[in-house]
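Here is a short briefing on a two-chain model. Keep the sequence and the 3D view open as you read.

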Amino acid sequence: MRRTQAHYFIFALLITAILFPPAYAQRLTAASAPLRLTLPVKEGSVRFAVIGDTGSGTAQQRDVGDMMIKYHALFPFEFVLMMGDNMYGGEAPQDFEKKFAEPYRALLDNKVKFYATLGNHDQALQVNYENFNMNGKEYYRFKKGNIAFYSLNSNYMDKKQVQWLEDELGRETAEWKVMFFHHPPYSSAKKHGSDGQLREVVEPIFLKYGVDVVLTGHDHVYERMKPQKGIYYFVSGAGGKLRTGDIDRQSGITEKSYDRDLHFMLFEVAGDQMYFQAISRTGETIDSGVINRR
Amino acid sequence: MMKKRYIFIWLLVCLLILASGVAVGQKTQNAALAEPVVVSPADKAAIDGFEKQVKSYIELRNKVRANAPKLSKDSTPEQIHAYRTTLENSLRSARPNAKRGEFFRPETADFIRRTLKTEFQGKDRQELRETVFETETQGVVLRVNYPYSQSAELSEMPATLLTKLPQLPKELRYRFVGRNMLLVDRESDVIIDYMPDALP
């Protein structure tokens with residue numbers, strides 16, 4: 001009888017371990033896939049990475065950071081775009097260290113610049129943080145090569161911001177126009193999904209001024225949408241948190257999605273081509289391709 | 001001769017239809033920058049009163065802010081923390097008798113409630129309601145002059161709604177906590193005022 005109970009106990013333990021693997025076990029599996037770069041690494045190209053919903057301060061976030069560092073050796077990207085939720089929970093000085101500086105220390109030491117946008121877990125004063133390069137602004141623009149990047153504050157898309165966006169895009173001369181912000185106008189994730197009311201306001205502007213690519217987070221998955229009215233939309237919201245099995249595969253808008261592990265993205269822009277590669281926490285390539293400028 | 005006149009009229013009608021189509025298209029494209037909602041004189045007075053209150057708060061706030069350490073665009077986490085804490089404490093000291101309803105006076109609250117009701121009604125606005133109500137705001141204590149909990153999520157303010165509410169200066173923000181609507185100081189996150197049961 002006692003032996004049977006012990007068997008039940010061990011069996012229950014095994015099932016629990018399989019269903020809810022402890023953090024250390026998950027970390028052990030990191031870096032199991034060989035590094036494989038699908039980007040062409042052309043001379044003079046603009047190279048950057050994308051991470052979203054990172055600020056958990058967990059071992060998994062650090063795994064993603066470690067994998068980014070490995071790929072940086074193969075593909076020396078110059079800067080990183082952050083899709084918001086840069087810090088979950090408190091924002092005391094030690095949180096900036098644990099949830100941002102520590103996981104990406106080697107990149108920061110290598111002079112890789114991070115450009116952040118604000119998510120629904122981020123305090124307004126992050127715009128003044130030295131390593132987020134937001135210049136004290138909740139929405140801002142910067143240019144690299146032939147690409148103009150616009151970081152928007154999707155938490156608070158008021159008239160002033162909309163007017164600023166219209167004005168800036170109206171005089172934009174860069175060939176590529178890339179938007180990045182937190183809430184996704186298109187998403188197949190079940191938790192949040194497409195942000196219809198935001199889309200109602202921003203999409204007409206994107207169409208009017210010929211925006212090429214929109215990068216977002218919020219849903220803790222990876223998703224590349226089928227082009228929506230000619231615009232390429234990505235959700236990259238699992239750089240520090242994951243919502244396993246959250247993708248609705250019947251949504252009809254997905255081109256490629258991944259919700260089994262955390263990830264980050266790499267981009268390379270050379271002339272009229274934008275190459276991208278999405279990489280899981282363990283180094284597996286989960287998506288790749290090229291976008292041709294219209 | 002008669003035939004020519006018909007062709008002319010027909011062309012004129014076509015042009016008119018085309019022109020109205022373009023006008024409608026432009027209006028749709030710029031939904032976010034659409035003209036403000038038409039308001040009654042009583043509502044206008046309420047909004048004016050609210051904006052006056054906000055203006056005097058900003059004057060006080062900027063005086064108080066001068067006491068806080070300077071914050072540059074490339075500050076350290078320690079500098080951010082010191083600035084925020086000083087601003088929060090200074091704002092509280094500067095408004096020791098602050099109480100609920102100072103900004104959202106009955107007439108203003110009435111206008112805002114009606115605006116919210118219009119914006120949130122209808123089947124197509126179900127998603128909007130869900131967005132607000134799914135925000136995890138546990139731990140937020142609604143208390144004027146005290147900060148919004150740092151560990152709580154911030155509700156996304158619907159872009160379409162923001163165009164219809166009285167515009168705020170950059171120092172202030174509207175925010176939802178469940179059905180309640182808050183007026184919050186952007187940098188310190190201090191709750192300046194709140195309106196219970198604002199959402200229908």
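The contact takes 34 residues from chain B and 32 residues from chain A; two residues are in contact if their C-beta atoms, placed from the backbone, lie within 7 Å. This is a predicted model: local features need pLDDT of at least 70, side-chain atom pairs count only at pLDDT 80 or more, and totals for chains, interfaces and linings use all residues. Residues are numbered from 1 along each chain as its sequence is written, with chains lettered from A and ligands numbered from 1 in the order in which they are written.

**Interface, chain B side**
- Helices H1 (2-29), H3 (77-94), H5 (126-133) and H6 (159-162) of chain B each give two or more residues to the side that touches chain A. Helices (H or I, at least four residues) and strands (E, at least two) are DSSP runs, numbered from the N terminus.
- H3(B) supplies the largest share, 5 residues.

**Strand S8(A)**
- Both faces of S8 (residues 222-225) of chain A are covered: A:Tyr222 and A:Arg224 are buried on one side, A:Glu223 and A:Met225 on the other. Buried means 20 or more other C-beta atoms within 10 Å of the residue's own; exposed means 12 or fewer, and partly exposed is in between, with C-beta atoms placed from the backbone.
- S8(A) runs antiparallel to S9 (residues 232-236) of chain A, joined by 3 bridges; strands pair if DSSP finds at least two bridges between them.
- A:Tyr222 stands opposite A:Ser236 in S9(A).
- S8(A) also pairs with S10 (residues 254-258) of chain A, antiparallel over 4 bridges.
- A:Glu223 has A:Ser257 in S10(A) as its bridge partner.
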